[in-house]
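Hi,

Here is the structure I said I would pass on.

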Amino acid sequence: MPMYQAPLQDMRFIARYLKQQAMAQATPLAELFDLELFDAIVVEADRFAQGLMQPSNRTADVFGAELQAGQVHTAPEWQELYQQFIESGWIGLALPEEHGGQGLPRSFARAVWEMWYSTNLAFAMLPQLNVAQAEALIATADPQWQQPWLEKIVSGEWAATMDLTEPQAGSDLAATTMRAEPQADGSYRLFGQKIYISFGEHELAPNIVHLVLARLPNAPAGHRGLSLFLAPKYVLDEAGQLGAKNDINCVSLEDKLGIRGSPTCTLVYGDTQGATAYLVGAPHQGLAQMFVMMNEARQAVALQAVGVSEKAYQLAKQFAKERVQGAVVDHPADTVLPIAYHPDVKRMLLELRSSTVAMRALCYSLGFFVDQAEHLTDETEREALLDLVQVLLPIAKGWCTEKASYNSSLAVQVFGGMGYIEETGIAQVMRDARILPIFEGTTGIQAKDLLGRKLLRDQGQSVERLLLRIEITARALESTAGLEATADVLQQAVTAARVAVQALVGSTDSHYALFAVSVPLIELLGTLSGGWQLAQLAVFATEPQAQAVEGAGYSQGIQQLWQFYATHELPNILALAQVVQSGGEAVEQAHLDWALI
Ligand SMILES: Cc1cc2nc3c(=O)[nH]c(=O)nc-3n(C[C@H](O)[C@H](O)[C@H](O)COP(=O)(O)OP(=O)(O)OC[C@H]3O[C@@H](n4cnc5c(N)ncnc54)[C@H](O)[C@@H]3O)c2cc1C
């Protein structure tokens, strides 16, 4: 089976680009962004990814997960892998030092986590839940969670889950019915069922800490009545040691399309006396608190898309270098060349590579903006950056995950018939990729969030500020030797996006018609934002300091990827802008019978 190697050149290059941005702001982040340390960490992570993560990717896919007498068993190799993972301290890489982490920038950790997602997505979901849960507990600023919870979550000694979904409450969390009954000692008892809970039960850690959305008695209906609870698999005794098993039981596992090694559990809370739980934060504020975990998880899923897309590209590239088939156009008929030389296969490889680099730049930059916002002292600048993060988050989650799913299918196409055969590994990549646009909020929900909670609410101002940033890059292209021609293409894309956004904001159409084009809007803004980031890299690549990093050849390659993207991806924005401006009406006016026939 073809092997993965971390794209270290790409990672080092983006790190230099981000370092330059950090230096321009002159915040403490510039100091923290230690490139020597970054280079050392990614080499070590690559070794871990190749040597320890990769080997059980396929075996766990075949093994799946088993439920026997209430116990969930994952792939046998994962016990040792999990121990090695936590002993290496990977979970705490970008978590604050005061909570047991290493306090490195998030944008640093992006490269490392991308490797985990490329080499073993199903396994990597487990420690990622620890990071997201730690962020949620830290955000409460309540010292009671420090010991033992945060300490053990950050170290990975205990595992974490996120329990939102119920049979009737998927995208619509307002429909949550899990009940929380207050107890005399200040704790609560939970009753109800959660479904699709990733790693809801397993034997990899001695305890599992669930963060659960539930409703207090007499809670208001809808979102405002949700509270957040922490419920451990084993309740702690008075000495703080693991005590009785809590009343939380895994009653079934899902048989899934992809990420088959990760157990997806139905958990019943309160089969007998009720599951002991503790309120996290204020009553009825649960959704806002859970959003900290979900936002972290959404950034992680966008990054998972980068990892999956990189893996798809690498497998396709390796196959295309070896498979020989037919004569290549404009080459002598008797020249034996691999399929990578066929113009259409080359196009597919360029599409895979350029979009993956664009997605990577977008996701690392998103992490960088969060890092930077934490260090800015000027409140106005900080607000502006956080505003950018809020807009980019649904765009990155929506666009990158859809693109990764598409890219994994495109990579199967590069393989031809062999792509459909499991032994090549690309079929698993495609199966694994398909969950990304679904969990942590479907693309439809990301699009609804972008349009409803951001664009319509502030009359398109935040998106306009994003477009203004992209225009600055277009002007930089204008004055960059060799890239001048792409400046116009980027500017046209920005103009088309602006017209589309203004049409939505100023529209007299019904909201129904507007929401009918919210996903095309996400695709438009994602294609544009990814292009923006790739263009930034291309401009950076022309600078002598950048050429010194990986050599002039590499820098030229980045510029060519941008030129490919500008001619093959950006023109789609013009068509998408048309759909956004006028496509809603056709959805609204079509009789539902014609969609349901
Ligand atoms: C493998 C796997 C792992 C998971 N892990 C977890 C986990 O660890 N914890 C957890 O809590 N959950 C988990 N989930 C659940 C996951 O987050 C949900 O499946 C997801 O949020 C979608 O909810 P749903 O399945 O009920 O789909 P639905 O909400 O029924 O959506 C079906 C379709 O309708 C669309 N739709 C629904 N409402 C709207 C709307 N208002 N506007 C526009 N379109 C809409 C959706 O976009 C989608 O296309 C997991 C799911 C899977 C499959």
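Some housekeeping before the rest. This is a predicted model, so local features need pLDDT of at least 70 and side-chain atom pairs count only at pLDDT 80 or more, while totals for chains, interfaces and linings use all residues. Residues are numbered from 1 along each chain as its sequence is written, and side-chain values use heavy atoms, with hydrogens and water left out.

The protein chain splits into domain 1 (8–140), domain 2 (159–290) and domain 3 (443–588); those bounds come from an automatic or database domain assignment.

Now the interface. The centres of domain 1 and domain 2, taken over C-alpha atoms, are 25 Å apart. Contact (heavy atoms within 4.5 Å) links 25 residues of domain 1 with 26 residues of domain 2. Between them the two domains bury about 2,300 Å², 68% of it on carbon and sulfur atoms; buried area is the accessible area (1.4 Å probe) that two parts lose on being put together, summed over both. On the domain 1 side, V72, L129 and Q133 lose the most area to domain 2, together 24% of what that side buries.

There are also six residue pairs in polar contact between domain 1 and domain 2, both residues at pLDDT 80 or more. A polar contact is a pair of N or O atoms within 3.5 Å; within protein, one must be able to donate a hydrogen and the other to accept it, and residues adjacent in sequence count only if both atoms are side-chain atoms. Helix 7 gives the largest share of the side of domain 1 that touches domain 2, with ten residues (helices are DSSP runs of H or I, at least four residues, and strands are runs of E, at least two, numbered from the N terminus).

Then the ligand. There are 19 residues around it, with M162, T165, S171, Y196 and T442 coming nearest; the cut-off is a heavy atom within 4 Å. A backbone N or O atom of M162 sits 2.7 Å from a ligand nitrogen. The side chain of S171 has an N or O atom 2.6 Å from a ligand oxygen, and for the side chain of T442 the value is 2.6 Å, to an oxygen atom of the ligand.

Y196 is worth a look for its backbone too: this residue of strand 5 (188–198) has a positive phi of about 60° although it is not a glycine.

Cheers
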